[in-house]
Amino acid sequence: METIKCRSLPNNKSKIARTFQKVINLKTATRIASNNGIGMCMLTPHNKFDQDDPNTAYKPQNTNNHKKKDAKAKRRAVLEALLAKLFASITTIKAGYAELQMAQNPYCSDAIQASDQAVVDELKQLSALKRSFFRNELDLSPQVTMMLAEIQEQQGLMKTYEITIKKLEAGVEVKGSDIGSLKKQLDEAIAFNKSLEKRLNASGPLSMFDNIRFSLLNPTHFAQFLHHALRSVRNFVKLMVCEMEVAHWDIEAAAKAIEPENTVFAKPSHRCFVFESFVCKTMLEGFNHPNEELQSEHYYFIEFKKLKSLNPKQFLTQNPDSSFARFTRAKYLQLVHAKMECSLFGNLNQRKLVNSGGFPDSAFFNAFVEMARRLWALNLLAFSFGEDVSIFQIAKNCRFSDVYMEAVTQDPVLETTSAETDLLVAFTVVPGFKIGKTVIQSQVYLSPPWGHSLGGSGKIGSVS
C-alpha cells in the first residue's frame with residue numbers, strides 16, 4: 001500500500017494546521033483501503049490515529065446491510081419452496097381422490113384402500129409442514145425442495161391424466177354398447193315396420209275385393225283402390241328422392257326442371273309433390289287405352305283379381321311377354337331416363353337388362369314394379385265397369401273447386417283465406433278420373449296466397 005508522507009512543517013505552524021494535516025492523511029488512507037477491498041483502514045506508523053477518538057473511528061455499516069439482504073433473500077427462497085411443496089401436495093391429493101373414485105366403479109377394495117392411504121399420508125405431511133411453519137422450524141433446502149416439488153407435481157398430473165383416460169375409455173365402451181343395442185332396436189323396428197307395411201299392402205283396401213262379386217262392383221271400389229295405389233307411388237317417389245340426395249342432386253333445381261314455371265311452395269318439403277306429379281303423369285299416360293284388344297268387362301275384373309294378389313316379380317319372370325310385363329318395361333324406360341339412372345347408380349345395368357327382356361333385382365326396381373302392378377290393376381278395374389274411362393288434369397292458375405279437386409296439403413293458412421280469396425292451382429299432382437258420369441277428384445297443389453300470380457280463371461284439361 002502506498003504510504004503518504006507529508007513534508008516537515010516549520011515549528012512556528014499553529015495547532016489548526018496540524019489538525020488539518022491529520023484529516024488529509026485519514027481521508028487518503030480510507031480511499032486507498034476501499035479500492036483494495038479492505039473493510040478497515042491500514043495506516044503506516046507515521047499516520048496512526050486513535051480508534052477511540054469519535055472523530056476518527058470507522059463503523060462497518062455496509063457489512064450489516066449485506067447480511068440483512070442475504071437473510072431476507074434466504075427467507076424468500078424458503079417460502080417459495082414451501083409454496084411449491086404445498087401445491088405439489090394438493091395435486092397429489094387430487095390425484096388420490098380421482099383414483100379413489102375410479103376404484104369404486106367397478107368396485108375394487110385393494111385399490112380403494114391404497115388410494116385412501118396415499119391421501120392420508122399426504123395430509124399428514126401437510127399437517128407436519130404447517131406445524132413447522134408456525135413454529136419457525138422450517139429446515140428446507142430451497143433448491144432441493146423446489147426440484148422435489150416439481151417432480152411430485154408432474155407425477156400427480158400424470159396420475160390424474162391416466163385416470164381421466166381410463167374414464168374416457170370406459171365411457172367409450174359404454175357408448176359403444178349402447179350404440180350396438182340401439183342399432184339392434186332400430187333393425188328390429190325397421191323389420192317390424194316392413195312386416196306391417198307388407199301386411200297392410202296385402203290386406204288393406206284390396207281385402208274387400210276377395211269375396212266381392214262382379215255384379216256388386218261400383219265406383220267407390222275404384223276410389224278406394226286408387227288410394228291404395230297412390231301409396232305405392234309415394235313410396236317410390238320417396239325412394240327416388242333419397243337416391244337423388246345420396247347422388248348429391250340439387251333437389252330444388254330438379255323440381256324446377258319438371259315444373260319450370262315459378263311455383264311458390266309453402267314449405268321446402270312440398271317440392272316432393274312435383275316429383276309425384278311427374279311420376280303420376282308418366283305412369284297414367286294412356287290410361288284409357290288398353291294395351292290389347294278390347295275384352296269383356298268380366299275378363300278385366302278376373303285379371304284384376306289375379307294381379308292384385310300375386311307376387312309381381314315372380315309373375316314377370318314367369319310371364320315376360322304378358323301385357324303387364326310389356327307395360328312395366330315401357331314405363332320404366334320412359335320414367336327413368338338413361339342419364340338419371342347413370343347418375344343415381346353409376347351405370348346403365350338395370351336399363352340394359354330391361355331392354356333385353358329381363359327384370360333387375362334391386363330395391364329401386366322392386367319399388368317401381370310394385371307401383372306398376374297397382375296402377376296396372378287400377379287400369380283393369382276401370383275397364384271392369386264397362387263405361388267410358390278418361391282422366392283429366394287441372395290447368396295452372398285455375399280457381400280451386402272442391403267438386404273436381406282435392407288439395408294434397410292441409411294448410412291452415414289456405415283454409416282461413418279460402419272464404420275471402422280465390423285459391424289458385426299451382427299444378428296437378430294426381431289426375432282426376434271420369435268413369436261414366438262419376439267423377440273422382442284430382443289432387444292438386446294450391447299456390448299460397450302470397451304466391452298468387454295474375455292470370456285467368458284457368459280450365460280443366462283432359463289427358464289422353
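Ser-89 is situated in helix 2, which spans residues 61-103; helices (H or I, at least four residues) and strands (E, at least two) are DSSP runs numbered from the N terminus. The structure is a predicted model, in which local features need pLDDT of at least 70 and side-chain atom pairs count only at pLDDT 80 or more, while totals for chains, interfaces and linings use all residues. Residues are numbered from 1 along each chain as its sequence is written, and side-chain values use heavy atoms, with hydrogens and water left out. With a relative accessible area of 2%, Ser-89 is buried (under 20% relative accessible area, 1.4 Å probe, protein chains only). Beyond its neighbours within four places in sequence, Ser-89 is in contact with Glu-122, Leu-126 and Gln-152 (heavy atoms within 4.5 Å).

Helix 7 comprises twelve residues, 272-283, nine of which are buried. Among these are Phe-273, Val-274, Ser-277 and Met-283. The buried residues of helix 7 pack against several elements, including helix 6 (251-258), helix 10 (323-335) and strand 3 (425-430).

Helix 5 packs against helix 7 at an angle of about 120°, the axes lying 10 Å apart (lines fitted to C-alpha atoms over the stretch in contact, with angles from 0 to 180 degrees between N-to-C directions).

Technical notes:
Expected span 1.5 Å × (residues − 1). Buried < 20%, exposed > 50% of the residue type's maximum accessible area, 1.4 Å probe, protein only.
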